[in-house]
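I opened this notebook to keep track of what I looked up in the structure, beginning with the chain as a whole and then going on to single places in it.

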Amino acid sequence: MFRSILILETVFLIAKATPDFYTLEEYKNLTDDLLTGYSKKIRPIWNQGQSLPISVSMWVSSVNEVSAVDQRMSTTAYLYVTWIDDSLWWNATETGIEMMQFNQKDLWIPDIVLKNGFTAFKPLGGDFYYLYVESSGKVQWYPYMVLESKCEIDVTYFPFDRQMCNIIFKTWSYSRLEVNLTVDENEIGFFDFVSNSVWEVTSMDAWDDVTNMETDVTFSIYLRRKPYYFIMSLVIPVIFLGLLNPMVFIIPADAGEKMGYAVTIFLTFVVFLTIVSTSLPANSDSISIMSIYLVIKLLISALIIFISSLQLRLNHRKSSRKIPRFHASVVKCERCLRCIRNQIDTDDPDNYDKESKTADIEWSDVSSAVDFFAFWIINILDLSVTGIIFYLILSI
């Protein structure tokens with residue numbers, strides 16, 4: 001709605017400035033009269049002891065880029081700046097001219113700068129800009145630019161994060177006692193807006209603090225990351241890798257592929273952690289939960305490699321070596337859970353003693369029992385960690 005009002009107002013002002021009501025000579029003479037004795041070095045207000053009111057609104061065309069690594073936001077927008085120039089007024093009834101255009105370099109303009117700029121520090125506008133001036137002295141300035149501003153990125157909930165980026169303008173040479181820079185009633189809006197493929201603009205806001213001597217006006221853009229790309233290329237592969245990780249305990253110990261499989265999964269998690277790290281800023285202010293999740297996955301993979309190493313060690317022990325009671329208890333517990341009957345012949349109870357309880361247990365059985373318990377424990381641990389992590393991420 002604000003955009004439609006602004007377009008209609010601009011069309012109306014341009015229509016008033018068309019040469020249907022005056023001649024070229026009249027327009028030239030009025031221009032010369034207004035600029036004669038005009039000084040662009042002095043604030044255009046009769047009482048120099050007062051503050052010159054200036055109102056500002058911003059119209060955003062696109063959010064070009066939000067770089068989490070550089071802590072930077074690039075935005076294409078223009079400001080709508082208005083003030084009253086007491087040196088530029090005339091009788092519109094007598095001249096037939098209600099609106100005129102002046103080059104920016106010929107008039108006084110406030111030295112508005114981007115306070116939290118990321119690149120070069122320079123004032124807005126340029127020599128090719130023209131300002132609209134009404135007969136009442138009202139000046140309208142539309143500096144259009146590509147803004148690169150600093151933006152503190154909180155990556156805690158990456159890739160489901162929301163960000164708030166501020167664009168702060170101020171008059172560099174004037175305090176609020178000399179120039180009262182305030183937010184216009186329209187504040188901030190869209191103008192021919194082109195959406196970003198990574199970030200969605202959820203809302204915008206603007207404010208100023210007239211109690212502060214600094215002439216800061218702040219425009220805030222609230223953003224939400226579109227997570228679909230990261231879900232397909234990062235989240236889903238990591239979850240499936242987590243499901244494949246415990247499958248190492250299904251591979252028989254004699255197959256010779258257990259360690260190679262476990263190490264391959266471990267290195268894959270290292271690759272994904274590297275990918276996430278390159279997409280996030282290198283700071284300690286905020287740590288991504290996704291990075292923590294991948295580190296936990298690495299620890300689980302390292303634990304699997306450790307268990308697999310011990311399990312292979314047990315599997316290749318000599319059969320002549322006595323099996324300790326604890327190992328035998330683990331095997332019996334595993335057989336009980338799997339509903340496997342003891343293979344010991346217990347027809348003769350008199351010959352059934354404690355020593356005979358382990359007579360049918362071999363080191364390969366101990367290795368198999370380790371596989372069984374490790375498979376279920378790692379699965380439960382992995383699913384629990386995954387559930388907690390994604391509950392925290394999606395709870396924002």
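Entry 1, the whole chain. I began with the surface: the protein exposes about 21,600 Å², and 60% of that area is supplied by carbon and sulfur atoms. I note here that the model is a predicted one, and that I read every value below as computed from it. Of the 396 residues in the protein, 45% are buried. For the secondary structure I found eight helices and 11 strands. I then looked at contacts between residues at least 6 apart in sequence, and of these 78% join residues at least 24 apart.

I took H4 as residues 228-244 and H5 as residues 258-278, and their axes come within 11 Å and cross at roughly 160°. Because an angle over 145 degrees counts as roughly antiparallel, H4 is roughly antiparallel to H5. The handedness of this crossing is left-handed. From H4 the contact draws on Ser233, Leu234, Pro237, Val238, Leu241, Gly242 and Leu244, while H5 contributes Tyr261, Ile265, Thr268, Phe269, Phe272 and Val276. Sorted by class, the residues in the contact of H4 with H5 are 10 nonpolar and three polar, with no charged residue.

I next looked up H7 (residues 325-337) against H8 (residues 363-394), where the axes come within 9 Å and cross at roughly 60°. That angle makes H7 oblique to H8, and the crossing is again a left-handed one. On the H7 side I listed His327, Val330, Val331, Cys333, Glu334, Arg335 and Leu337, which meet Trp363, Asp365, Val366, Ser368, Ala369, Phe372 and Phe373 in H8. The contact of H7 with H8 has nine nonpolar, two polar and three charged residues.

Which residues does the cis peptide bond join? I found it between Phe158 and Pro159, with omega at about 5°. Pro159 belongs to the loop that runs between strand S7 (144-150) and strand S8 (162-171). Gln71 sits in the loop between strand S1 (52-67) and strand S2 (72-84). Another is at Asp192, which is not a glycine and has a positive phi of about 50°. Asp192 lies within a strand, namely S9 (residues 179-194).

Is Gln104, in contrast, buried or exposed? Its relative accessible area is 7%, so Gln104 is buried, the limit for that class being under 20%. Gln104 is placed in the loop between strand S3 (99-103) and strand S4 (112-114). Leaving aside residues up to four places away in sequence, I recorded that Gln104 touches Ile109, Leu124, Gly125, Gly126, Tyr129, Leu131 and Trp141.

How values were computed: Residues numbered from 1 in each chain as written. Predicted model: local features only at pLDDT ≥ 70, side-chain atom pairs only at ≥ 80, totals over all residues. Heavy atoms only, no water. Axes fitted to C-alpha atoms, helices over the stretch in contact; angles between N-to-C directions. Helix = DSSP H or I, 4+ residues; strand = E, 2+ residues; numbered from the N terminus. Parallel < 35°, antiparallel > 145°, perpendicular 65-115°, else oblique. Left-handed = near helix turned anticlockwise from the far one by under 90°. Contact = heavy atoms within 4.5 Å. Nonpolar A, V, L, I, M, F, W, Y, C, P; charged D, E, K, R; others polar. Buried < 20%, exposed > 50% of the residue type's maximum accessible area, 1.4 Å probe, protein only. Areas by Shrake-Rupley, 256 points an atom, 1.4 Å probe, with all protein chains shown as cover.
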